[in-house]
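I opened a new notebook page for this structure. My plan is to look up a few things and write down what I find.

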Amino acid sequence: MDARGVKKIAKRSYDSHPGSGTSALNQTFLETVVYHHRTYQAYAIENLAYLVPTDEEEEERLHIMHNVLSRIFDGRLVFPPINRPRRILDCGHGTGSWALEVAELNSRCEVIGVDINPSMHPQKQPVNLYLQVDDLNRRLTFNPNHFDLVNSRLVAQGIHTNRWTQYMRDLLRVIRPGGWCQMVEIYLNFQSDNGTLTPGQYQTALKLKAGEFNLIFLIDHALQQWSARYLESMNGLKDLRAATRLPNLMREAGFVDVESRMITVPTCAWSSDKRENEIGAANRDNVQRMLESFAIFPFTERLGMTSQDAHLLIAQARVEADNPAFKVWSYLVNCPNIPLTER
């Protein structure tokens, strides 16, 4: 272990899934490193592919996030009108929750999930579910015109900025004529529903021999600082604004009938609307965990913040996110679209 608390650990091995047609798992994907008491995949850190922890705490957060999305979408897993799908691809499957539920509901459909991290695979899986390990920053290796549906959800923290155009083309290439692609991304630029979350002013008096001067400093709320620094930490590496560009990215790749929907997601139970209040209540724990898991490595290792300063900002941001008076939200963009190849 070095001064930053970094060490390498060997995880248990994982067998490739029978019938998946993939090679044995590269052991490189099993090595981990520890930064600031959080465990990361060594491959992801070394290749700057995914700067979010892969430990049990993050696995729990991803399960919470899946529950939040289920509430937002009223339990719907598949948005396009697809009858009797034969093959479905899930890009960035995480814990495998979405892929597992889709496989259980479509027992005659082959569901394949791809993710960079194998450590969160569910222990029990339906026989028609195959979870594979690969880096989505590489070209997808599936045959053209192979899938009825491709699901890509919350991958902006993993896809390199210069990869997005080709990533969209890869998705288009592997979808069969008449097939569909559905995408969900979140934009973590926290806003306030009532305008409370705005830059504040701090005023102090400075006394000098020549007289007294009032100095006014603009101080952002902690959540605004968190958002700005997170964007800064990923600048040139990840396009954290990809959610705002999803419709155009899909059209440029060749998708047609592009539909998109912006959905505000409360950070806690502040809404007077019953349904949104329940979503906020479910999302609270996710947000509290996410503010640390997304930021601690980029803040310290890419921006050079001390661990103490990073944790202080995260703690302050957590308080604001949990304050109903601020009425804080972020937003999701949901795009179910059809490829140009149908026409």
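I began with Cys 91. It counts as buried because its relative accessibility is 0%; buried means under 20% relative accessible area, exposed over 50%, and partly exposed in between, with a 1.4 Å probe and protein chains only. I then checked Cys 181, which also counts as buried because its relative accessibility is 0%.

I noted that this is a predicted model, where local features need pLDDT of at least 70, side-chain atom pairs count only at pLDDT 80 or more, and totals for chains, interfaces and linings use all residues. Residues are numbered from 1 along each chain as its sequence is written, and side-chain values use heavy atoms, with hydrogens and water left out.

Next I searched the whole structure for disulfides (pairs of cysteine sulfur atoms within 2.5 Å). I found zero. Cys 91 is in no disulfide, and its nearest cysteine sulfur, that of Cys 181, is 7.8 Å away.

I moved on to helix H3, residues 97-105. Helices (H or I, at least four residues) and strands (E, at least two) are DSSP runs, numbered from the N terminus. Buried in H3 are Ser 97, Trp 98, Ala 99, Leu 100, Val 102 and Ala 103. What do the buried residues of H3 pack against? I listed helix H2 (56-72) and strands E4 (87-91), E5 (110-115), E6 (129-133), E7 (147-153) and E8 (175-192).

Last, I looked up Val 333 in strand E13 (residues 328-339). Val 333 counts as buried because its relative accessibility is 7%. Its contacts (heavy atoms within 4.5 Å) include Met 183, Val 184 and Leu 246, leaving out residues up to four places away in sequence.
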